[in-house]
Amino acid sequence: MSRAYLVTGTDTGIGKTLVGCALAAALSKRLRVGVLKPAETGCRERSGELIPEDAHRLREAAGCELPLEIICPFRYAEPLAPWLAAERAGRPIALEHLRGCFAMLAAASDVVLVESAGGLLVPLTADYSFADLAADLRLTLVIVVGSRLGALNQTLLTIEVARRRGLDVAGYVLNQLGRERDLAQSSNPAALVRLTDVACLGELPFIDAADTLSRERLREIGAPIARRLDS
C-alpha cells in the first residue's frame, strides 16, 4: 500500500503548493509519486476550460503521468472554499469520485501527496472537510505553517484538531512569507519547538517567484524535508 500524506496548512496562501511541489520533486528521485488536488478554486478559464494551476505544478514536480482529470477532479472559477464554490457553480463535489481518483493514484504510486485547499477544516461539502478526507484515506499530515504573527495559535489549533480526530501528524514546515523577518517571525521557530512535540520537518526562507521554480530547484528545497519525513 502506498504511503499517503495530506499537505495542509495553518491558513490559505502560506506556501502549501511550494512545499507539496518540493516534496514531490524530492521524493520522485527514488519513488513513484502521485499527487492529488481534490478541488481547486480560483481557476482561470482558457479556451473554455478551467485550468488548475496548483495541480498542474504538482503534476510537473512529481513527474506524475496520470491525467490532470484524476489529479484535480473538481475545478471552480470563484476563489472560495471548495464547498461554496461548488454550490455556487451547481457542481457539487462527489466524494466517491474523489475516493476513486485517490485509489487510482495509490495503485500507480509508491507515495501520494494530497494538497488541501486552505486549512484542515476547510469544507469540501457542507458536512465533510479535509480532516474527514484525511481520516477516510488514512493520510498523515504535513502542516505548512506561514511564519507571521498568529502562527503559534494557528499551528497549535491545527495540531489539536488533528489529534482530537485521531489523525497522524508527521510534522510541520515553517515557511517564511516575506523578505524581512519581524520579531514574531524571528521568534516563531524556537517558540514552536517549546510549545509542541510535533517534529519540525524544515524551515524555508522567503523564496521569490516560488511558482516559477524549476523541478531541480524544487528538489533541492524538498530534499531535507523528505529526509526528515523518512527518519
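Q: Which residues are buried in helix α4?
A: In this predicted model, helix α4 spans residues 82-89, and its buried residues are Pro82, Ala85 and Ala86.

Q: And why do those line one face of the helix?
A: Because, looking down the axis of α4, its buried residues fall within an arc of 100°, they line one face of the helix. In general, an α-helix has 3.6 residues a turn, so residues three or four places apart point the same way.

Q: What do the buried residues of α4 pack against?
A: They pack against β3 (39-40), β7 (111-119), β8 (123-125) and α6, while the face of α4 turned away from the buried side carries Glu87 and Arg88, which are exposed.

Q: Okay, α6 then: which residues are buried there?
A: In α6, which covers residues 130-137, the buried ones are Phe130, Ala131, Leu133, Ala134 and Leu137. They are on the same side of α6, because the arc they cover around the axis is only 160°.

Q: What happens at the start of α6?
A: There, a side-chain oxygen of serine 129 comes to within 3.2 Å of the backbone nitrogen of alanine 131.

Q: Changing topic, where does threonine 196 lie?
A: Threonine 196 lies in the loop that runs between α8 (183-195) and β12 (200-204).

Q: Is threonine 196 buried or exposed?
A: Threonine 196 counts as buried, because its relative accessibility is 10% and the cut-off for buried is under 20%. Leaving aside residues up to four places away in sequence, threonine 196 touches Leu156, Ile159 and Tyr172, and its side chain reaches the backbone nitrogen of valine 198 at 3.1 Å.

Conventions:
Residues are numbered from 1 along each chain as its sequence is written. This is a predicted model: local features need pLDDT of at least 70, side-chain atom pairs count only at pLDDT 80 or more; totals for chains, interfaces and linings use all residues. Side-chain values use heavy atoms; hydrogens and water are left out. Helices (H or I, at least four residues) and strands (E, at least two) are DSSP runs, numbered from the N terminus. Buried means under 20% relative accessible area, exposed over 50%, partly exposed in between (1.4 Å probe, protein chains only). A polar contact is a pair of N or O atoms within 3.5 Å; within protein, one must be able to donate a hydrogen and the other to accept it, and residues adjacent in sequence count only if both atoms are side-chain atoms. Contact means heavy atoms within 4.5 Å. The arc is that of the directions from the helix axis to the C-beta atoms.
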